[in-house]
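Hi,

Here is the model I promised to pass on.

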Amino acid sequence: MISTGNEWIACGTTEDDPYCIHSVKQLTEYINEIGFLPLFSNDIPGFSVEERTVPDYWWTDHEKDPWKWREIIATEGQIIYGKFFDKKAGFISKEWFPYFANFRRDGYDFDALYEDGKASMRQKKIMDFFEEEDARIASYELKLKAGFSKGGEKNFDGTLTGLMMQTYLCMRDFTQKKNKKGEFYGWHVAVYSAPEEVYGYKHVTSRYNEARSESKKAIVDHIKDIYPIATDKQIEKIIR
């Protein structure tokens, strides 16, 4: 993304570029092929949805709008979507999610993390709503019920982002608020769940038996295979 001061403008490519992604189906296939992919451009050139799509379609609600595609992919549940890359949004395939979970969690389920004093009370107040594996809750409901409304806990968005970066939460769907008449209104907002709701606990934790450093090395080596131009510093920033 490029900031002009008043607005953000998407970087991207042209329709006739052989690397251009033209549909949500093609994007899904590409993510599954390479394993994981940030939504927006970053320090690694070409390593994003943004740079492989046409800028004119962003935020248009067109069938080729990548902003719309992210909602479709999240809802389908084949690929995990959330803020996983330098606190920014992106996708991780089923094959690669266990590597990220082990690297980011260091083998800890959230309850154990909290018991060892490595998670905050703010995080716990949010994670308490995801004790059941099939739990889903919209962000505006979660904010209210977890005590982050006016006069309550602070930094709701930052706490959510931290939990996604640690792979304890993901964006599972998108919805709108309802008025007193039961009518939908306003912007679509994220519906959160634990990744275990998508892939199951056994799969998500399937690499807990290996060292955190081994999972990280697998991720780093994979990025170097896909993007040989990426430096260690660039990779570290995007996956840390």
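Tyr81 and Phe91 are both buried (under 20% relative accessible area with a 1.4 Å probe, protein chains only; exposed is over 50% and partly exposed is in between). Keep in mind that this is a predicted model: local features need pLDDT of at least 70, side-chain atom pairs count only at pLDDT 80 or more, and totals for chains, interfaces and linings use all residues. Numbering runs from 1 along each chain as its sequence is written, and side-chain values use heavy atoms, with hydrogens and water left out.

On to the rings. There are 17 aromatic pairs in the structure (Phe, Tyr or the six-membered ring of Trp, centres within 6.5 Å; planes under 30 degrees apart are stacked, over 60 edge-to-face, the rest tilted). Tyr81 and Phe91 form a tilted pair, because their planes meet at 35°, with centres 5.0 Å apart. Tyr81 belongs to strand β4 and Phe91 to strand β5, 10 residues apart (strands are DSSP E runs of at least two residues, helices H or I runs of at least four, numbered from the N terminus). A cluster of ring pairs also links Phe36, Phe47, Phe85, Trp96, Tyr99, Phe100 and Tyr227.

Then the backbone. Asp86, in the loop between β4 (79–85) and β5 (88–93), has a positive phi of about 55° without being a glycine. Asp86 is buried, at 18% relative accessible area. Trp59 is not a glycine either, yet has a positive phi of about 60°; at 41% relative accessibility, Trp59 is partly exposed.

Cheers
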